[in-house]
Amino acid sequence: MFDQLLKYFQKVKDRKITSLFDQDKQRATNFSVLQEDLFLDFSKTNIDQQAFELLSDLAKYRGISEARDEMFRGELINTSEGRAVLHTALRNLEGSPIYVDKIDIMPSVLQTLEKMKEFSERVRSGQFSGQGGAISDVVNIGIGGSDLGPAMVVRALAPYHNGPKCHFISNVDGSHIHDVLSKLNPETTLVIIASKTFTTSETMKNAQTAYAWMSKVVNEPSLQFVAVSTAVQKTDAFGISRNNVFGFEDWVGGRYSIWGPIGLSIIIAIGAEAFESFLNGAQDMDMHFKTAEIRENLPIILALVGVWHNQICNYSTRAVLPYDQRLGKLPAYLQQLEMESNGKGVDLDGNPLNFHSAPVVWGEAGTNGQHAFFQLLHQGTRVIPCEFLVAAQSHEPYLDHHHKSLLSNCFAQSEALMQGRSFEEVCSNFKNEHIKQGKIERQARHRVFPGSRPSTTLLYPKLTPKILGKIIALYEHRVFVEGKILGINSFDQWGVELGKDLANGLETILIGESESKDLNTSTQSLIKVTKTMW
């Protein structure tokens, strides 16, 4: 199936995207999808009807529908770890049965959600307080999926904050925890330690430092600590009451865990009603993914566009460009979601892949990116597909003139990437500027835009909790579809383990508890020079 797509791409790779609009006057309609309040336009790509049919055939050949149903049923699709993949159960608010090992997991899921609601309300109302009174600040200590998701969502939903202020610490770099804690009052601060195993080295080092910081002022600091973990013996040893421990099962991967207890900081910030709306949005996308035909299915379409650009066109990176300052952390969140999920080198059977897996995902909020890296997007030698996201409305009506400017910039960039500007057009403009004929050609070549740079645009009414839930679930399912098409396991992450193991050993060398006999001479040299700088 890939061979057919590659052959077809060779036939059409040199055509201009704009020519597709000349051939099909209804292209903007035919290559866009409206799913309730999400509108996806993928017409500014080099995908035509035949390419889309070939991509759809590839999805069918790879058994996307069957694999999707297996996931929702709770089958052990994470084959390398023998686990189900059921983050979708965390937003199954109706509680329809889902079985793992013949046990319906939904009563436990809903019970945990109720516990989160009750606890968050106690914190928000002041019933749960610190030594100095009502909780004013919440600090979430985690890393990876225990940080990127909640930090992104809390920032994105700033207009809905009506609880304590939330802060996030992830990096083991001491400057991170210092800069956060130095501005807070330990007597009115609640600390959430988010680590499923309660052994994540960066998280636990930061947790111990936070405990020491609070101990200087607070008599019983453990009373102001909460754990999101399944290792209750370890949380007991830390001194955290089991009433303040929120667990989640191994069928929820870290980067997919935002919908459950890892989202505790979110529900504290925005309240239970808004949090349920967030879950509802994701659940709506789940239903859409389960029921819509390929031609109307947003996650599948977004995945097919991604496969076309990465595996067929060989565009190795993807720029995520939210034209929403509050979605500034979305590119980093999607970076982990896609690159940790699909950054694999072997298929499900352990055989080496004979094509590239995940692209490099990166990006920045617009319009900031325009003044940073858009030069490369428009005139660089590499083609980088772009994914624009923007809301039709802002949360600040009195600044509507700002939002109109934001929208115009977003739409203009996708238009400019596709249209480009020819040498002849530039020369014509120069003649109007009365530049001497001898200089026109030399100057013009610097101002030519090749165009035919592909992009998609996701448009939505306003960034609400429900809309954000839909968007995140859309990208989760997109990653799943891409992974199935590539024939890989999107739900393990063995690639992060080697560096962790080596770091543990290196730390004992740096603190003088062992020697560096077995290390590469380069690493030995780095350690030696580092010690001379202390």
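This is a predicted model: local features need pLDDT of at least 70, side-chain atom pairs count only at pLDDT 80 or more; totals for chains, interfaces and linings use all residues.
A194 stands opposite V228 in strand β10. Residues are numbered from 1 along each chain as its sequence is written, and side-chain values use heavy atoms, with hydrogens and water left out. Helices (H or I, at least four residues) and strands (E, at least two) are DSSP runs, numbered from the N terminus.

Strand β9 (residues 189-194) pairs with β10 in the parallel sense over four bridges; two strands count as paired if DSSP finds at least two bridges between them. On β11 (residues 245-246), which runs parallel to β10 and is joined to it by two bridges, the bridge partner of V228 is F246. Both faces of β10 (residues 225-228) are covered, with F225 and A227 buried on one side and V226 and V228 buried on the other. Buried denotes under 20% relative accessible area, exposed over 50%, and partly exposed the range in between (1.4 Å probe, protein chains only). In a regular strand the side chains alternate between the two faces of the sheet.

These strands belong to an open sheet of five, in the order β8-β7-β9-β10-β11, with parallel pairing. The edges are formed by β8 (165-169) and β11, each of which has a single partner strand, so one side of each is left without a neighbour in the sheet. Strand β7 (residues 137-141) is joined to β8 by five bridges, in parallel, and I141 stands opposite I169 of β8. Two right-handed β-α-β units are present: β9, helix α9 (residues 201-215) and β10 make one, and β10, helix α10 (residues 232-238) and β11 make another. A crossover is right-handed if the path from the first strand over the helix to the second runs clockwise, with the strands pointing away from the viewer.

In helix α5 (residues 64-73), the buried residues include I64, A67, R68, M71 and F72. They cover an arc of only 135° around the axis, which puts them on the same side of α5; the arc is that of the directions from the helix axis to the C-beta atoms. Among the elements covering the buried residues of α5 are α4 (49-61), α12 (272-291), α13 (298-312) and α19 (465-486). G74, with a positive phi near 90°, follows α5.

A84 lies in the loop between α5 and β3 (99-100) and is buried, at 5% relative accessibility. Its C-alpha is 5.0 Å from that of W251, although the two residues are 167 apart in sequence. Beyond neighbours within four places in sequence, A84 is in contact (heavy atoms within 4.5 Å) with G74, E75, L76, V100 and W251.

The largest nonpolar core has 113 residues, of which W251, W308 and L468 touch the most other members. Helix α19 gives the most to this core, with twelve residues. Apart from it lies another core, of 22 residues, among them L181, L184, M204 and A207. A nonpolar core is a set of buried Ala, Val, Leu, Ile, Met, Phe, Trp, Tyr and Cys residues joined through side-chain atoms within 4.5 Å.
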